[in-house]
Amino acid sequence: MPPAEVTVYEVGPRDGLQNEAERLPTSVKVELIERLAGAGLPAVEATSFVRPEWVPQLSDASEVMAALTRRPGVRYPVLVPNEAGMRRALESGAREIAVFGSVTESFARRNLNAGVEESLDAFAPVIERGHAEGLRVRGYLSMVFGDPWEGEVEVARVVEVARRMHALGVDELSLGDTIGVATPAHAGRVLDALDGEVPREALAVHFHDTYGQALANVLMALERGITTVDASVGGLGGCPFAGSATGNLATEDLVYMLDGLGVRTGVEIEPLVGVAWWIAGELGLEEPAGRAARALGPPPATIGGG
Ligand code: MG
């Protein structure tokens, strides 16, 4: 039995856009976030306060936050890599932050410029400061299932790093299949191994659809009582390690499945599909990567113009 209610955590404006080659104007990013919140998404990760030269697509993080009209009851978390990023996030009025860790040494060294242990140590003061400021703190763990340099990741290693990260005080821990190689059996093994190590209600899942497994993996997670699922509108954010256009699980594919299961999300699929088509157009893409948006088609008003 799936849970009665699931929190769909939208990552398109951050995880999606940071992995798209095209750079969008600030006003388009703001409209994207506002339209996603308008479609009923309860959490929209808005941007990233990493150093602008690392992720030029999101170098206008402060401007985006300043221009954003916030909807009551909607969370707008921002990614924060270190204490400098934390200061900028606080100045921008962020009320929720996310920190980004890795299970594997290879990815940590290439992407975080530090080893796994070192990067976890560096998060401690950021998380502490966040809590002191009354912020909610999310932790991401990437390469939970497979790593492009190390291959399949040992489940025991995942448990070890997840336990450490949870002990640092994150309120929520998102388990990322960064290269999209997980299958449902593997997803089930990892979640079973985390049982009793990290509270289930503190876990979220972040699947990529590289091999078409994302929804099957989500279903496996729902059966294990996971109630927060990450997704990206239109499947924004191609897979940077597989040369595939299919990266993040598309939010509208997820909502279509959850609707069919009778799981409450508060998200309306019609405006969501409209956002998927609109942002694909802004990025110069022919169509969204997600299946549900393509199946349902662009909203009538945009056919033949607009
Ligand atoms: Mg992702």
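Me: Which residue forms a salt bridge with Arg109?

Reply: A salt bridge is a side-chain nitrogen of Lys or Arg within 4 Å of a carboxyl oxygen of Asp or Glu. For Arg109 and its partner, the closest N and O atoms are 3.7 Å apart. That partner is Glu105.

Me: What kind of model are we looking at?

Reply: Residues are numbered from 1 along each chain as its sequence is written, and side-chain values use heavy atoms, with hydrogens and water left out. Local features need pLDDT of at least 70, side-chain atom pairs count only at pLDDT 80 or more, and totals for chains, interfaces and linings use all residues, in what is a predicted model.

Me: Which helix holds both Arg109 and Glu105?

Reply: Helices (DSSP runs of H or I, at least four residues) and strands (runs of E, at least two) are numbered from the N terminus. Arg109 and Glu105 are four residues apart, about one turn of the helix. Both of them lie in α5.

Me: Which residues of α5 are buried?

Reply: Buried means under 20% relative accessible area, exposed over 50%, and partly exposed in between (1.4 Å probe, protein chains only). Glu105 counts as partly exposed because its relative accessibility is 32%. The buried residues in this helix, which spans residues 105-112, are Ser106, Phe107 and Ala108.

Me: How many salt bridges does a search of the whole structure find?

Reply: One of them joins Glu53 and Arg51, at 3.1 Å from N to O. Another links Arg294 with Glu287, at 3.8 Å between the closest N and O atoms. There is also a network made up of Arg75, Glu96, Arg136, Arg138, Glu172 and Asp230. The search finds 20.

Me: Which residues coordinate the magnesium ion?

Reply: Donors are N, O and S atoms within 2.8 Å of the metal (3.2 Å for Na, K and Ca), and sites may look incomplete because water is not among the atoms. Along the chain, the donors follow the spacing D-x190-H-x1-H-x39-N. At 2.0 to 2.2 Å, the coordinating residues are Asp15, His206, His208 and Asn248.

Me: How many residues apart in sequence are the parts that Asp15 and Asn248 tie together?

Reply: Asp15 belongs to helix α1 (residues 12-18), whereas Asn248 sits in the loop between β11 (228-231) and α10 (251-261). Both residues are buried. The pair therefore ties together parts whose separation in residues is 233.

Me: How many aromatic pairs are there?

Reply: Rings of Phe, Tyr and Trp (its six-membered ring) pair if their centres lie within 6.5 Å; planes under 30 degrees apart count as stacked, over 60 as edge-to-face and the rest as tilted. Phe100 and Tyr140 form a tilted pair, 5.4 Å centre to centre with 35° between the planes. Phe145 and Phe207 are tilted too, with centres 5.8 Å apart and planes at 40°. The count of pairs is two.

Me: Over the face of which residue does Arg138 lie?

Reply: A charge sits over a ring if NZ of Lys or CZ of Arg is within 6 Å of the ring centre and within 35 degrees of the ring normal. Arg35 lies over the face of Trp278, at 4.7 Å from the ring centre. Arg138, at 3.4 Å from the ring centre, lies over the face of Tyr9.
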